[in-house]
Amino acid sequence: MADRSARLVSTDTVVIDPPASARRATVIEILAWLAVATMGMVALSQAIGRTLLPPMYALQATTPFLLAPAVPVAVVASLRGRHLMALTCVGIAAALLWLTWPVIAHDDPLSAPASAPTFTLTHSNAYFRNTSPDAAAEALLAQWPDVLAVTEQSPQLEAALAAGGVGERYAFRAGSSSERRNGVALYSRFPFIEATVRDIGGQPGIDATIDVGGIAVRVLVVHPLPGVDTTDLSELERGLPAIDAMGRADRTPTVIVGDFNASRWHPAFRRLLSHWTDVHESLGQGFSVSWPENKIVPPFVRLDHALMDDGVTALAAHDVDVPGSDHRGFTVILATRVSG
């Protein structure tokens, strides 16, 4: 038979095998639709403002990277006449623009009076299994912050900080260390008006009011659970509104700092940002990342935040490498919007 792609099955039936190029095109289109469907599910979850399941919690953390391919796919699909795929990707690209626009077109930090007190604040999730506590303590103390907040503080890190002179530098301390993830500590060279270790968002945290140059500033140190399973995801989605409510409980200028185990790309945290300003975002660093800090996967999401109300404004921020931790720390310079 002249056509080699034809195979004789019986005296009456001939089956034509599709060319290899056609089979490849079919496989590519199926894979493209699977990718578009994944992007579409994440975009839809963002539109309805729900996370629902732990796998979606993980996918939402990668939202800017996951949805970005919708733009080139829309172009290629349109050129190839795949109009349904192109239209779907245009919708996904629109969702990406909607989600990232507040970061791109962020408001500048509010101004502060020239005589307003300023203070530096460093935070680190130091990792309770940190095998380099001495190096971690050295890195944190090298920042010379006025206020140092630590989540996942272990007894080993507490001892390393003490050996490094934290007691001489910071006369005011609150919190406790733990062999588990719930150790939390706050060190301040400014006097505490009050400081309490309490449940904040379902996990141990610190609620402290500090006298900064004659101005009372409230600092909440928080560390809600990550949404890695159904129970913890439910706890996180209850914990973030509870943190919001506690922070807004009085009119004292307030900063909420910690490992929130959530980012702008998680709807529950985004609702928090309707009442609070993210320091990094206000300074044009909204796409900066803090996790995971390891040699296998590069950091791709910011879980560690400093949030401020209108009583505080941001002057500067930079990240801090903390040896042995799976998170990057950060130092921010803040000013009260009230004169001293």
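Me: What rules apply to the numbers here?
Reply: The model is predicted: local features need pLDDT of at least 70, side-chain atom pairs count only at pLDDT 80 or more, and totals for chains, interfaces and linings use all residues. Residues are numbered from 1 along each chain as its sequence is written, and side-chain values use heavy atoms, with hydrogens and water left out.

Me: Which helix holds A139?
Reply: A139 is in helix 6, residues 133–141. Helices are DSSP runs of H or I with at least four residues, strands are runs of E with at least two, and both are numbered from the N terminus.

Me: Is A139 buried or exposed?
Reply: A139 is buried, as its relative accessible area is 17%. Buried means under 20% relative accessible area, exposed over 50%, and partly exposed in between, with a 1.4 Å probe and protein chains only.

Me: What does A139 touch?
Reply: Leaving aside residues up to four places away in sequence, A139 touches V320, D321 and P323; contact means heavy atoms within 4.5 Å.

Me: Now strand 3. Which strands does it pair with?
Reply: Strand 3 (residues 118–125) pairs with strand 14 (residues 329–336) in the antiparallel sense over six bridges. Strand 3 also runs parallel to strand 4 (residues 147–151), joined by five bridges. Pairing requires that DSSP finds at least two bridges between two strands.

Me: Which residue stands opposite H123?
Reply: F330 in strand 14 does. On the strand 4 side, N125 is opposite T151.

Me: And how many residues of strand 3 are buried?
Reply: Seven of its eight residues are buried.
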